[in-house]
Structures are given as C-alpha cells and as structure tokens.
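Please keep the sequence and the structure at hand while reading.

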Amino acid sequence: MAVDKKGLSRRDFLKTTGIATGALVGGGLIGGLVGYNVQKEGQVAGTGGHNGVGGEPAAVNNRGLMFFTNMAEFNVLAQAVERIFPEDDLGPGAIGLGVPYFIDNQLAGNYGSNVKEYMQGPFFAGESTQGYQSRLTRGEIFRQGMVRMDEEAKIRFEKNFVDLEGQQMDEIITAFQKNEVDMKGVSSEFFFKLLRQATLEGAYADPIYNGNVNMDAWRMKEFPGNQMTYIAEIENEKFVKYEPKSLSSMEH
Amino acid sequence: MATTLDKVDVVTVGVGWTGGIIAAECAKAGLKVVGLERGKDRNTADFLMVHDEYRYAMRYDLMQDLSKETITFRNHRKMRALPMRQMGSFLLGEGLGGAGTHWNGQTWRFLPYDFEIKSMTDKKYGKNKLSADYQLQDWGITYDELEPYFDKFEKTAGLSGEDKNPFGGKRSSPYPTPAMKKTPILKKFETATSQLGYTPFMLPSANLSEAYTNPDGESISACQYCGFCERFGCEYGAKTSPEITVVPTARKTGNFDVRFHANVVEVMKQGNKVTGVKYIDTQTGEEYIQPAEVVALTSYVMNNAKLLMVSGIGEQYNPETQKGTLGKNYAYQVLPGTTGFFDEQMNVFMGAGSLGMTIDDLNGDNFDHSDLDFIHGGSISMTQTGTRPIQTNPIPPDTPTWGAEFKKASIYNYTRTLNVSTEGASMPHKENFMSLDPDYKDAYGVPLLQLTYNFTDQDRNLHKYLTAKTSDIMKEMGAKTVMAGSPITNYDIVPYQTTHNTGGTIMGASPDNSVVNNYLQHWNADNLFVVGAGNFAHNSGYNPTGTVGALAYRAAEGIINYSKNGGSLV
C-alpha cells in the first residue's frame, strides 16, 4: 500500500507543524501544510515571460488563502482532493499540484459566487435531469462540504478527517458520492461531483490559475499546453512529445 | 418611458451568423440596417490568449450570462419546469458573432430527403411508419430551391471539403478550398469504414485548409490545427466566423450600425405589421424603441421563439389540441458513439473543430428502413478536434472515477483513446415544444422560455441501431477495448450534448402548420422575418450551421424583395 504510506507520512507531516514551518523560507504555515511539494519543486507556475516569476526559485511563497478563513476546513479540502487525485509513481497528486489553492482562489471569485448562473428563486429540488437547483453558491457548498466531511469523520471514526487513514477518507468520500450524507440545500452527491470536477480543473488548468504547478499534470498526461501551431506535425505518424508551455510564457 | 429612435430600413435582433448575413446583404443592397446585440463587441484580437481550457471551455467565457437570462426545463408536462441554472446540455452564445464565434465549423448541407421528409417517408414506407404522435412535415422548400443559398454561404465561408459523398445533394460548384489534412487518426477511420463497405470522405470544414478571400473581399486565414475551436474564438482568423466575414462586409458599406449591450425585450406590432422593437441598454437600464420597416429576429432558436411569444405574435402551440404553430416541433439530436482504447499513443491534442472524416451511408434515407423501427439516421464521423486535459479523462469500463486507479488509467489513456461519434437526427413529437414559463423571469422582467422535452422511442431506437454500427467501426479500427455508448433513457439537461437545438418557429408551405414561409417571412406579419435553426421542421443528422446560413441568405433575399415590393413573398 505505497499510496497509503505516502498519505500517512503526509498526515504525520501535518501533525508536526514545527517541522513544516521550520522547513520553509519565508513561507507561512499555510504554505507549509499544503504547498510542501511546491516548495520542494522549487518553482511555481510559469516558465518564463514574467520577470521574477517564471523559472525563478520560489524563494518567496506568495500563495495564500483568498476564500477559506479556517485552516481546518482548508486542510480537509487538501486531503480530500489528494484522495481523488493522489500522488503516485507518475508524479504529484492534487496537493503537489496546488489544487487546494486553485480551488480556494476560484471560490473567492466568480466561480464561488455563481456570477454567471441563474440564481433567482423560487427554488425546488427538481428531478436529476433538471440539474443544479440549489440556492447556495459554490462557495457556500464547499464550506458546508468541508464541515460535513469532518463531522462524518468524527461520527464514523471519532477522529478529524485529516487524521484518518486513506481508506477511511475514501469511505467518507464514497458516502458523499453515493448521496448517503445529509447536507442542507444541496445533495452530497452534487457536492461530490463539484469536488471531483474542481480537482480535475485544478490539476489540469493552465498554471496561471495556481494549480498544475510546474505544469506537472500536463507532463504526466503529455498534453503540451499552449502551443501556437501543430501544422508541421499534424500528419506525423509518430507520437510527438513537447515541452509544455503555459499562457504565462506569452509576451504581454 | 422609452425613447423612440429614428426609423431604419431593417433591424436585426442579434448579430451572429443570421444577423450578420442579413445585415451584409441588405446593407450591400442599400438598405440602412441596425443590428442590436445584447453582448459586447469582439474580434480576433480578443482571442490571443484563448488557449485556456479552464477559462473558455469550463467557465464559458464567450457564452451567455445565464444570470441575466436562461430557460426553464421539464421532461414532460406533468413535471414542474425549473431553470437551467448552469450551462450544460447546449452552449448559448452572446456577443458579436454569437455562437458562430465559438463553433467547431462543421458545415453541412442537409439532404434532399430532409426538406421533403414527410412526402418521401410516406411514399416509401406508407403513412404509418411513425405513429401520429410524430409531427413530421415537409419544409415548404426543396433542396434544389435552396442550393444557390447553400452555395453562397459556402463561398462566404470559404468552406474546405471534397465532393466525394455519394449521398449528398447536387452541388452547383465545388468546395471553395481543398479539404483539410488527412491525419493518421482519420486514416484509421477511412480504412476501417472502407473495409466495412462504407464511403468515407473529408468532413466539410469552416476551419480553412488554406488562406482564402471570399466574394465580399474578406480574408480568412489557414488553420494551424492548434486544437482550440469549440468553445473558443480563433486567434488566427482561420475559423470562419461572422465577425471576420459578414459583419465587416456589412460595416464597410456605411449602411450598417451595431449597437452593443442592447437587449431586445419586445417586438412592437400594429395590425398585421410590426413597427420595430423595444430594447434595454443593459449598461444604463434605459429603454429604447427602434422603429423599422423590417424586423429580422436573428438571435438563437430559443430567444427568437420567446420574443414572438412575449410579443403575442402568432398562435402558441398547444400539445393537448395540437393546434397553434409557435413553439411546435422543437427537436434536438441524439449522439450514438463508441470509445476505443488503443495501445499506441496518438497526437490527440492536435486538431481542429471540423477536422474529420465522415460516412453518410447510415444518414437520412440513404439506407433501407423497411425492417427498422425508426426513420432517418445520422452522419458517423471520426473527428480530431484536439482533446484537452480537463475534459478528457477516458477510462476503460469498470475503472473507478476517482482515486489512484482513476489517475493512472485516465493519464495512460488520454493519448490512446479515440471516439467514433454520430450526429443523430431528431424527429418532432407532439409532446416536445417550447412555451413561456409562468413563474420565472429574466433580469429584465420578461418571462423565461420553457422547454418541454424528452427523447422519444424513435430517438432511442435510432440511437441503439447506430451505436452498434459505431461499435463495429471501432472494432474494425483495431481498438484493444471497445466501449459502446449506453442506451439513452430520459433527456438530461446537465451533461453537454450538442448545441443543435431546432424548431419552434418552423418554416412551411402553409400558415396552418408553420410560423414562417419559405422566405422566413412571418405568416402573420409581412415585414417580420424569423431566421435560424428554429425554422427547421425536424433536425437532421448533421451540424445545423450550413443550413442556417443558407436560410439566412434566403431570408436576406426575401427582405430585399419585400423592401421593394411589399406584401407576402409567396
């Protein structure tokens, strides 16, 4: 159970916050907890084009929380998304890719406030074929989701979510997926879908959004990112490998 | 109190393909045209940083702001209709160019069979091939009558293609530009379908194979196969769009003016004529009345129908009595398909929205339906549109959808998976229709359009039959694991399917069963034209834009004729 071992060591790491803060140069506690792999890679999003960011070692950790105010909730998010997209021999998982920060940052903006969605009442639950019918914004759903995951951990295992074994976390996430957990104003199944989707978005979005650190998820998947043209290779019979490029590499 | 503006010859509601075409043709003919666009101005310069799957594909940056306006939906009349709160099943456009900015560019001519579907089906299979619940009808125009307009649209678009489809209608001229490049992925499909006895050909594409100048003098660039078409604008100006073709053509006449942030809320009517439209400046909240000799409704299917409904023009369709024509014959599409998992890696991230090969052997009435429990069919294609990593996480059957196993499988298969997909036709059914919602309103206080829709037995049977065919093709292509699409049950508005919504303002030969005549002129008001895929009396097994473009040229001719002579054009 290599994956579980890794998960366990990460949890040990979370518990021993003294080591976390001590290991950081200029980074806060938050960066230490979830941005650990970011620091280890020595680089944040972007590969050039911006002065002082692309290609530079991340001597200054400028990651921070824009949405969550409660670290316990943010840490539940971090561990949950890591279970959905775990670190393995292919490369980093959601934490290493910065997905928790991506989600936090997105929740602080239009996405979290449902700016482009129809949010007028009246609200009725409706049939599954009718889709999202909650009066809650995504920000409100995520916060409630984190609280409910932690509560489920206490009910089922008498522990905080972040202190659970990987299999136990999976049991709780599965319960949400199967709509077995009560949530207010939204189904746990819907929350799970949102969480899973946001995890994939954070892993594979352009690094300008603070996920997909170092474009490592693109590297794993061999997606080349922002290439301007493939006209010279489109008829190539062989698979073509590219060094991926972020939008941050463009001249602005 | 609304401010009344100076009268113009023609006002178009929306400036996408249909509004742009009508504006260009009418302005060239000397008519003064105003285009009212609820969204913003945009052009190629806005798409320089468009290679951004998250912003454009996931968060729909170019598309309609649903907080202002959406639709409500229910599967059947006994269900409570609820708002489509998030974009899903189809992607509504907004801004200059409309959905014509973020389309893929697959540009078909519907089959001769489509325009006379009722007569031809009855003649070949008898009157009871489909039950009376299906409201099949001819379109009041034939393929041959529409051919010059198809030709005109294709020349405006500079369409790339090859004339090798044995089932296509007769063409008066070849494609303006050669077909796109035939990639190794397409060749796999070509070989497999040929071996199965079908006739593959390169899909007609508005992502151009080479630089082209259209008859209006507008330049379209050559496609770079960057893989960002659908949901994106083209940073090269290589995907034909209204804002690089018909809109500049209209503008350079000096007879065309676009007003942005102008959301039309009502068509004004007096007696049997319309007098203009009322719109709201969405930046100031001010109301204006734009008087016009001719009003052309050129927004999307749903908004065109809604504006007629809120303005009380025409008789609302009633599914109980099957009387009334407005809102009738709403149709969609079904998408039979099969996923194949291969061993070798392929350049799936390269591509273009309409880079593909197709077979038409199982579309329309190109095959015998005597022993089948459905009519029509679909075009079956292998497209290489450029798969992107957030949306493309292919996993073989029985793989978990998250966790360690999911991660491994989705990464491994990303470059090793292909899909054979079908644009499946959709027949109108008496229970599928559009009306006004009694409860929910848009940001301007206007009722939302209500959609009542479900898949029918015809859809399910067609889907099942063609899914099996796509599975056979995938097997022939040599996939290691072949995963056929699941049978369809109830229509679900959540997952993206296709933006090929049709009907509601259908065309025909008689006011008894249609909203507009074959010039897209409203039966109840000679100076009102309603143009778009809403005119389709059913939906064919293709992408709709080619036929929409042809109808827009037909309507433009009608408007110009009406402006000279007045009266009904038929």
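**The contact between the chains**

The model is predicted, and its values are computed from that prediction. The size of an interface is often given as the accessible area lost when the parts come together. Between chain B and chain A, about 6,000 Å² is buried, and carbon and sulfur atoms account for 59% of this area. On the side of chain B, the residues that lose the most area to chain A are Arg85(B), Trp402(B) and Lys407(B), which together make up 15% of what that side buries. In terms of contacts, 74 residues of chain B touch 74 residues of chain A.

**Salt bridges**

Side chains of opposite charge can pair when their charged atoms come close. Over all chains, the whole structure holds 45 salt bridges, and five salt bridges are counted between chain B and chain A. A salt bridge links the side chains of Arg59(B) and Glu201(A), with an N to O distance of 3.1 Å. Within chain A, the side chains of Glu222(A) and Lys241(A) also form a salt bridge, at 3.5 Å from N to O. Both Glu222(A) and Lys241(A) lie in the segment after α11 (216–221) of chain A, so their pairing ties together parts that are 19 residues apart in sequence.

**A sheet in chain B**

Chain B contains an open sheet of four strands with mixed pairing, in the order β5-β4-β19-β18. The strands β5 (82–83) and β18 (433–441) of chain B each have a single partner strand, so one side of each is left without a neighbour in the sheet.

Strand β4 (residues 71–74) of chain B runs parallel to strand β19 (residues 447–452) of chain B, and four bridges join them. Here Ile71(B) is found opposite Leu449(B) of β19(B). By contrast, β18(B) and β19(B) are paired in the antiparallel sense, over five bridges. Ser435(B) has Gln450(B) in β19(B) as its bridge partner. The hairpin of β18(B) and β19(B) has five residues between the strands, and Gly445(B) in this hairpin adopts a positive phi near 85°.

**Pockets and cavities**

What volume does the second largest pocket have? Its volume is about 500 Å³. This pocket is lined by 23 residues, and those closest to its centre are Gly39(B), Lys40(B), Met63(B), Asp65(B) and Glu94(B). Its lining comprises twelve charged, six polar and five nonpolar residues.

There are six cavities of 30 Å³ or more. In the largest cavity, which has 20 lining residues, Arg109(B), Asn165(B), Gly168(B), Arg171(B) and Tyr175(B) are the closest to the centre. The second largest cavity has 15 lining residues, of which Cys223(B), Cys226(B), Phe228(B), Cys229(B) and Cys234(B) are the closest to its centre.

Key
Residues numbered from 1 in each chain as written. Chains lettered and ligands numbered in written order. Predicted model: local features only at pLDDT ≥ 70, side-chain atom pairs only at ≥ 80, totals over all residues. Heavy atoms only, no water. Pairing = 2+ DSSP bridges. Helix = DSSP H or I, 4+ residues; strand = E, 2+ residues; numbered from the N terminus. 1 Å grid on protein atoms, 1.4 Å probe; cavity = no way out; pocket = protein on both sides within 12 Å on 5 of 7 lines; lining within 4 Å. Points joined across faces, edges and corners; volume = space filled by probe spheres on them. Nonpolar A, V, L, I, M, F, W, Y, C, P; charged D, E, K, R; others polar. Contact = heavy atoms within 4.5 Å. Buried area = accessible area lost by both parts, 1.4 Å probe. Salt bridge = Lys/Arg side-chain N within 4 Å of Asp/Glu carboxyl O.
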